[in-house]
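Here is a short briefing to read beside the model.

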Amino acid sequence: MIELWFVIIAFLWTGYFVLEGFDFGVGMLAPLVSRNAAEQRAALQTIGPVWDGNEVWLITAVGAMFAAFPAWYAGLFSAFYLPVVLVLVGLIVRGVGLEWRGKVDDPLWCDLGIVVGSALPAFLWGSVFAGLLFDGPLAALVGGAFTLAVCVLHGAVFLALKTTGPVRRRARTAAMIAGGVTIPVAVAALSSLGTVPALVSMAALAAATALIWRRREGWAFAATAGAIVLATLAVFMELRVRPLPGLTLAEAASAPYTLSMLTWIGLIALPFVLAYQGWTYWVFRKRVRVPAAS
Amino acid sequence: MDALDLARWQFGVTTVYHFLFVPLTIGLGIFVAGLQTAWHRTGNEQYLKLTKFFGKLFLINFAMGVVTGIVQEFQFGMNWSEYSTFVGDVFGAPLAMEALLAFFMESTFLGLWIFGWDRLPKKVHLATIWAAAIGSNLSAYFILAANAWMKHPVGYEVVDGRARMTDLWAVLTNSTALAQVPHVIAGSFVVAGGFVLAVCGYWLLRTRAEMWRRAARAALLMTAIAGAVVAGTGDHSAKLMYEQQPMKLAAAEGLEHDTQGAGFSVVPGIEIPKLLSFLSTYDFEAPVQGTEDLQRRFEQQFGPGDYRPDGTVVFWSFRVMIVFGLATVGLSVLGLWLTRRRRPFPAWLSRAMLLALPLPLAAVIAGWLLSEIGRQPWTVAGELLTASSVSPGVSVAEVATSLTIFTLLYGALAVAETVLLARHVRKGVEERAPVQAAEAPREPSLMY
């Protein structure tokens, strides 16, 4: 049961990184890939209907940690206190920026919030997880740089997949540049893990870069998503042995009764969640048409 | 000030601030869904305009509710790690259920509603706003179930210094939760109704448009009905408090000594004989315990310590809650009567309706201060003290930093939100379908 809940939590974090990963990337890139207000609006519209639902993966992952591994939840967030505060600040200004941008006269402040609020968590999550696994500020820096770079790449590929015209073209260029930066950073960050998923994740990032160059946007997106899944898997394989220094999963876990109750609830609810979130992506499956500049 | 004080301040600031937006999300979501349903039923374009107008205000507010809510999910672990480790087995379950069963639904369907105006069939689109609004209300239930457990822990045992859940059903049907849920949700409808009343009051002073009258009448009705529920459930809560949280009741009344046939003190010095006993038990002669005598008994039971909450805050927040809440409900009942059978809204009533925004908001905040400061010095009544709940490894400097950051950020956002809401209220309804075709074809007004 403890193992099962560890897998569920790893699954929730993975879902969060895959989904919000491209949200973060799009948030950072939107001003860069657009030359006018309409293009920028179109770029952000690719994530408009889904980003809030994507963020709930984080809430659920954290809530599930609280319920299933209270000591892990408590130890993790009190140990990484200030980075978590900054993550929260990022998520706050980003969320408000995204929701308010269409309702203000001059969206400059909202755009600033979206860019900073996307970059901060994208960097900090990597550094928090690297800090969990390795000692020293260098590891945290490399980990942060890795997640930041991957989010930019993932978001650029998503933008290329979901837009038309000049935005799509610039997103593709951005993706190729981001790919060039991401690969060496990924080697630095993941080679210290050295496990099979970590190595395959690096290969997937290289493949994504090649695929976007060949204009295979759908396949490239599958590759960046796969790379994030594998990298998260590699991290959680390490955490399984030692979720926190001096703490084992068994010590951190809730009692079997709680875990079995949560399992039933999860088994019943999760299919519905996946179904209606999937349906949202289906409803908004078409590319966002970028209006021609007048 | 030590880390404990700062952590308490941070929890208070961030949670009270969060709850400025929550009741509006809960009540206004249902109100907007109701407006859209009315449009479907009648085909009257006025309802569509109102849906879009209040929908926009709802979304501006919703954003703040969401982002300030995220902080809560992390804060227990950050500042209250001892608490989290002790209670996670029980307390974490409703939080995880909230995310999985309610929050996903709310966020996903709201995204579909915002962007789905032209992409979904009309009926499906209507269903999305209902799903989102129901998600918000469900979410409130789970959070309140968790909160109620702190005041009246049930369905658990303590093993090796940690609470272990023995009965999830007992946690979810805690009598305290079942009393609190309708009280808080109905209170949220009063806040949302008051918000709509204030907006309509503003417009009724400027125009005779039938639309604002309709919206105002609907809000008056919602506020009056919800107000009756608030009063009824509040009465029920008082009876539960008498059994479960006698110290809070005594502090709320400033009653120091055990008293037979205790009077209700309106303000210090003015007392209605025997009313407190009656309100607590339906028996004019019932004994009510006082703070000093309870303190003595708690010391015998739990050892030396001060088990009394801050009397001043608890006493006055109780009165603010009742007076401001009743004033709002009274105004709505009066308004319903004065505007019956197509009678126009008198100008003074429209002006008074502007007060329906701050009054109930102050009432619900006061209600939370009563509820949570009255719980002190415990985080989990009888089990865990607040002083033992704080994170041992988090320094004063860290908490001071986060408290400063959150306070400044929240202050700035409060100003921005107020300006934004005021601007959109002043703008009024859009008279025809917004012309944005040149910039973003096929996109309705509720978009980026």
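How many residues does helix α2 of chain B have, and how far does it reach from its first C-alpha to its last? It has 35 residues (45–79) and reaches 50 Å, close to the 51 Å expected at 1.5 Å a residue. That expected span is 1.5 Å times one less than the number of residues.

This is a predicted model: local features need pLDDT of at least 70, side-chain atom pairs count only at pLDDT 80 or more, and totals for chains, interfaces and linings use all residues. Residues are numbered from 1 along each chain as its sequence is written, while chains are lettered from A and ligands numbered from 1 in the order written.

**Helix α2 of chain B**
- α2(B) bends by about 35 degrees at Glu73(B). The bend is the angle between axes fitted to the seven residues ending there and the seven starting there.
- α2(B) is largely enclosed by the rest of the structure, because 31 of its 35 residues are buried. Buried means 20 or more other C-beta atoms within 10 Å of the residue's own, with C-beta atoms placed from the backbone.

**Chain B overall**
- Chain B holds 14 helices and eight strands. These are DSSP runs: helices are H or I, at least four residues; strands are E, at least two.
- Its C-alpha trace spans about 75 × 50 × 40 Å along the principal axes.
- Buried residues make up 52% of the 448 in chain B.

**Chain A segments**
- An unreviewed UniProt entry places "transmembrane region" features at residues including 173–190 and 220–241 of chain A. Such annotations may be inferred rather than shown by experiment.
- Residues 173–190 of chain A are 100% helix, with end C-alpha atoms 25 Å apart.
- Residues 220–241 of chain A are also 100% helix, and their end C-alpha atoms are 33 Å apart.

Key: Buried ≥ 20, exposed ≤ 12 C-beta atoms within 10 Å, placed from the backbone.
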